[in-house]
Amino acid sequence: DITNFRLTDVGMFLCKMSNFDTQRLRLIDDFSVDLKVDLSQNKENQLLTTIQMTVDPLLMRLSIRDIKLAIDIINRASEMYSNLSGNIGRSDLKRKDSNYETYPDDFRRKLTKYAPSLVSSLSKVTSISNMRARNPTIVIKGENMSIDTNGMRLVLIGDVHELPMLDMESKPFSVSAKNWSTDLEVDTSITSSIKVLNYSTSSWETLLEPWTVTIHIGKVLEPKPSLGIDIVSKEVDDFTVTSRTISLLSNLTNVLTDSRELAARGEDAPYLIMNETGYDMNIWIDKGSGTREQLTLLKDGVSCPWQFEDWREVRENLSTEGETTFIGVELIDSPYDELYGISLKREQEKVLLLKPAVNGIHNRLICEITLGSDKIKRVKLRSSVCIQNYTQATIFVGAGSFKAVSYTHLRAHET
């Protein structure tokens, strides 16, 4: 009378069935469930049920694309169900117009005439049932259920370059329930916290500090069926909202309600590097090991998308804290040495000293990082001198000695 049940390595993926091994995206990490149902205390006049369940930590990755896909599937299923219900309704109307009718009284008279023994047997069964109804048996009934969850975490992934944007986490908690077939009572206490990603600094910021909430659900059948839900907390919590948080959440709502299709996964990179130095340059990921990983040639006046990790790895790791965000730069055919350890982590305007000095003067390189409305960081490598032409005509800008000067065209309203 005791049943043990165990599920191991349960997970969920989003994929194309023809490319499961190469293009699957994990939605729920593998977890295990243990279930025990105890009916050993049951007797003729008592029904006692005890259920115990243990669930491993749950981690769910859910992107905006996945939510929109689920909404589309539900809408299509609802439309198909409506069409099917309409067809069934019309067929029922046709069936009602048919000439099939039932005559229970006439059937009983004919049964009494041709099979009297069967009618008497049915009458005896009915009389026994009526006697049992007049002499009811008292049965003691008890139901208890306990669910222990080792924590839950839901990470919402944004629509641009698959970076996480919202992290909701609950510490391990227990749920107890009893007498669900009569007067239901459910009690639990959950400690939760919420973090939001600041795209400007590429770091997590606390939206909701860990907060403990107690929930009680009660349902009674007598004297009048009713359901009550109580949510109580004895703690004062801090809820931190910034302008960037409001912008992020409003953008989330707009994307979910927008009917336009999103760009393909991996099509957008989190960085866009622009070369405005006057030299062609080599750029690479600088991990401090001396190797030039992901070495790329960037011509003068050209920009290129840049990422430090593949978007699938970012989705799997769900962490931006330990990500390497340093690049190295080499100005080709210039007298200057390579530059190492240039951080692209946060919005800033950083002045980089170029070595060695030329004619006793140390020139400098500006690394300007700004965050666009599309959540892409634009990294502009340029001179420390910036000239803007606010006139209506093209001007010539020269740099060098009076006799050997190189000119640059600067059109109206150009920089």
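1. Let's start with Thr 50, which touches Lys 36, Val 37, Asp 38 and Asn 144, leaving aside residues up to four places away in sequence. Contact here means heavy atoms within 4.5 Å. Thr 50 sits in strand β3, residues 46-55; helices (H or I, at least four residues) and strands (E, at least two) are DSSP runs, numbered from the N terminus. Thr 50 has a relative accessible area of 32%, so it counts as partly exposed. The cut-offs are under 20% for buried and over 50% for exposed, with partly exposed in between (1.4 Å probe, protein chains only).

2. Before going on, a word on what you're looking at. This is a predicted model, where local features need pLDDT of at least 70 and side-chain atom pairs count only at pLDDT 80 or more, while totals for chains, interfaces and linings use all residues. Residues are numbered from 1 along each chain as its sequence is written, and side-chain values use heavy atoms, with hydrogens and water left out.

3. The overall picture: the chain has six helices and 22 strands. Of its 415 residues, 27% count as buried. Among contacts in the chain with a separation of 6 or more, 55% are between residues 24 or more positions apart. The accessible surface is about 27,500 Å², and 54% of that belongs to carbon and sulfur atoms; these areas come from the Shrake-Rupley method with a 1.4 Å probe, and for residues only the protein chains shown count as cover.

4. Which residues touch the most other members of the largest nonpolar core? They are Ile 273, Val 329 and Leu 344, in a core of 23 residues. The elements giving two or more residues to this core are β12 (271-276), β13 (281-285), β15 (303-306), β16 (326-331), β17 (339-343), β19 (364-371) and β20 (377-383). A nonpolar core is a set of buried Ala, Val, Leu, Ile, Met, Phe, Trp, Tyr and Cys residues joined through side-chain atoms within 4.5 Å. There's also a second, separate core of 17 residues, which includes Met 165, Leu 208, Leu 252 and Val 314. In soluble globular proteins, nonpolar side chains tend to be buried together.

5. Ile 273 deserves a click in your viewer. Not counting residues up to four places away in sequence, Ile 273 touches Ile 283, Leu 298, Val 302, Ser 303, Cys 304, Trp 306, Ile 327, Leu 344, Val 379 and Leu 381.

6. Now the strand pairing around β12. β12 runs antiparallel to β15, joined by four bridges, and parallel to β20, joined by six. Two strands pair if DSSP finds at least two bridges between them. Leu 272 stands opposite Pro 305 in β15, and the bridge partner of Leu 272 in β20 is Arg 378.

7. Another piece is an open sheet of four strands in the order β14-β13-β16-β17, with antiparallel pairing. Why is one side of β14 (293-298) and of β17 left without a neighbour in the sheet? Both strands stand at the edges and each has a single partner strand, so one side of each has no neighbour there. The twist averages 25° from one strand to the next, with axes as lines fitted to C-alpha atoms (for helices over the stretch in contact) and angles running from 0 to 180 degrees between N-to-C directions. Three bridges join β16 to β17, and Ile 327 stands opposite Ile 342 in β17.

8. On cysteines: the count comes to zero disulfides, a disulfide being a pair of cysteine sulfur atoms within 2.5 Å. Cys 304 is buried at 11% relative accessible area, whereas Cys 386 is partly exposed at 45%.

9. Finally, some backbone spots to check. Most residues other than glycine have a negative phi, and most peptide bonds are trans. Here, a cis peptide bond joins Glu 222 and Pro 223, with omega about -5°; Pro 223 is in the loop between β10 (203-220) and β11 (226-232). The bond from Lys 355 to Pro 356 is also cis, with omega near 0°. Pro 356 lies in the loop between β18 (348-353) and β19, and the loop between β18 and β19 also holds Asn 359. Asn 359 has a positive phi near 55° and is exposed at 78% relative accessible area. His 413, in the segment after β22 (405-410), has a positive phi near 65° and is exposed at 53%.
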